[in-house]
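Biologist: I'd like to learn how to read a model like this one, feature by feature. Could you walk me through it?

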Amino acid sequence: MSKKLFRYSEANKEKFLTSDDITFSDGSVATPEEVWHYLTEEGPEKYPHAFEININQGSRAIRDETFPTLLKTQYLALTLSDRMEKAKDNGKSIAFIQGGQTIDPYTAADTIALRPFNVGNWNHGRHHGKNINENAQIRKEKKEKSYHDMTFEACQTAGYEHIQEGNLRVDIVAPYTTLRCSDVSYGVEAHRHGPNQNVKLYNVDFPLRNQADKPWAIEYFSKNLRKLVGLLDETTGRTTTEEDLLKAIKLHNEGRRLSIELSDLWWSADIPPTNSDDRQTLSSLGHLEYGDTQASLSVLKEAKKFLAERVENGVKGPGLADNPKRLFVLGSCVWVNNARSEADGAIIVGKDDGWSTVNALVDEEGDPFYNLAKATLNYPYEQGIEERARWTIDQIKKSRAEGVIFIHRWGCNTQASISRAVVDVIKRETGIPTYIHESEFGLQHEQEHNRVSAFIEML
Ligand code: SF4
């Protein structure tokens, strides 16, 4: 049965065509005409699931068509798989990292760094013409295979199975071992026994729990960053210098600063200027990912003028209720069904995961390895429970959230064990209603959203 697909309206085309080109790291560009053509012709043909209207799986009938940045980030997401294949054909090196870290050293070493979610997208982007359910089934089958081949106890959010099978040309699996994630370091070790023995492996060891101000810890992590860069250089055959790292830090600081500005601007508005998905996109663009730092930065640079225009004119994000209940979502690799939450009269105004690393500005004076190590050890999300909760409370207050949901994935041991304690501190200090639920990575389960709906109703 053919599914109803979302189509961008021709009425918005003229304005979109006046926006900037996307400029990629290799100097090539995608003009607005090319992006528009992709999103209206090639994309729906190749990836119908991304255009299918199906609110139970988070896919909207009303999208924010008049905000050019959001069309461009959709273009970057949909073309990621093809771009990664092309990058490999051109001899580019690709590293698999984890979700809770920044990518400055990989950029310095001329290596594309992909988080688990993007590794998954790279793989799933190789399947064409699938609807939402077919696409979800492919993801589920992959996950079942990895539960079987690795362990059913890990969350399997990461894309190890794709790499183990040799489906994806990843050169090195080298994540930081930050506290948030119990799966990622385990996964690196599991690779040592897998069929794909060609991939290089390295855990960038991260001193855990209240070490942020200790000189030994900063020195130790800085040494590990140097080792990481050395390993990346073995793959690329180049020599990364301190100047290269400083240049990468400056580039990423620019992205982080822009995303912080955009988030502050969004939070300052009386009326939410975009929907929940799009607010999240603006706050995470500062990671400069989508497999191309320069492309992300070029999209991010023009976003501020579009958002400022909306805030100034009191424009409400399309499809939102008047005065929606403001929710803040906590936890790693999690989300709620934003479209259904909005239909229930709410909006997601913030998340801690990801936002913590966007806030990690790095000093630009002095030893760049030391400075990067220091900033990394200070990620708010990686601190002890009280400190993490205090930072989260600040974000909740800034975003004027009225309810907090903590979600942890099956197999995500750190988040599962600390969720109660974090939420208790938040509740004690703010009095805001909170609740916690466990979830499995993959489909948007209807029962899961029923609980979110009930929470919104209670608010
Ligand atoms: S869900 Fe938890 S264990 Fe799994 S990848 Fe994310 S942070 Fe790591």
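Predicted model: local features only at pLDDT ≥ 70, side-chain atom pairs only at ≥ 80, totals over all residues.

Biologist: Let's begin with the sheets. In what order do the strands of the open four-stranded sheet lie?

Modeller: As a general idea, strands of a sheet pair through backbone hydrogen bonds, either parallel or antiparallel. Here the four strands follow the order 4-3-5-6, and their pairing is parallel. Strand 4 (111-114) and strand 6 (200-201) are the edge strands, each pairing on one side only.

Biologist: How many bridges join strand 5 and strand 6?

Modeller: Strand 5 (residues 172-173) is linked to strand 6 by two bridges, in the parallel sense. Valine 173 is the residue opposite leucine 201 of strand 6.

Biologist: And which elements make a β-α-β unit with strand 8?

Modeller: Strand 7, helix 14 (residues 338-343) and strand 8 form that unit, and it is right-handed. Five bridges connect strand 7 (residues 325-330) with strand 8, again in the parallel sense. Strand 8 (residues 346-351) is mostly covered, with six of its six residues buried.

Biologist: How do I read burial in a helix? Why is helix 3 described as largely enclosed?

Modeller: Count its buried residues: in helix 3 (residues 68-78) nine of the eleven are buried, so the rest of the structure largely encloses this helix. Among them are Pro68, Leu70, Lys72 and Tyr75. Helix 16 (residues 368-377) is mostly covered too, with nine of its ten residues buried. Its buried set includes Phe369, Asn371, Leu372 and Lys374.

Biologist: What do the buried residues of helix 16 pack against?

Modeller: They pack against helix 5 (104-108), helix 10 (215-236) and helix 11 (242-268).

Biologist: Now the cores. Which residues of the largest nonpolar core touch the most other members?

Modeller: In soluble globular proteins, nonpolar side chains tend to be buried together. The largest core in this model has 78 residues, and those touching the most other members are Ala95, Phe96, Ile97, Leu114, Val173, Leu225 and Leu372. Helix 11 gives the largest share of this core, seven residues. There is also a second, separate core of 24 residues, including Val329 and Ala346.

Biologist: How many residues surround the ligand?

Modeller: The ligand is surrounded by 15 residues, and the closest are Cys155, Cys181, Asp183, Ser332 and Cys412. By type, that shell splits into seven nonpolar, five polar and three charged residues.

Biologist: Last, backbone angles. Where does aspartate 110 lie, and what is its phi?

Modeller: Aspartate 110 sits in the loop between helix 5 and strand 4. Its phi is near 55°, a positive value in a residue other than glycine. Leucine 288, in the loop between helix 12 (276-284) and helix 13 (293-312), also has a positive phi, near 50°.

Biologist: Is leucine 288 buried or exposed?

Modeller: Leucine 288 counts as buried, because 27 C-beta neighbours lie inside 10 Å. Aspartate 110 has 17 other C-beta atoms within 10 Å, so aspartate 110 is partly exposed.

Definitions and conventions:
Residues numbered from 1 in each chain as written. Buried ≥ 20, exposed ≤ 12 C-beta atoms within 10 Å, placed from the backbone. Pairing = 2+ DSSP bridges. Right-handed = clockwise from strand over helix to strand, strands pointing away. Contact = placed C-beta atoms within 7 Å. Near = placed C-beta within 6 Å. Nonpolar A, V, L, I, M, F, W, Y, C, P; charged D, E, K, R; others polar. Core = buried A, V, L, I, M, F, W, Y, C linked by C-beta atoms within 7 Å.
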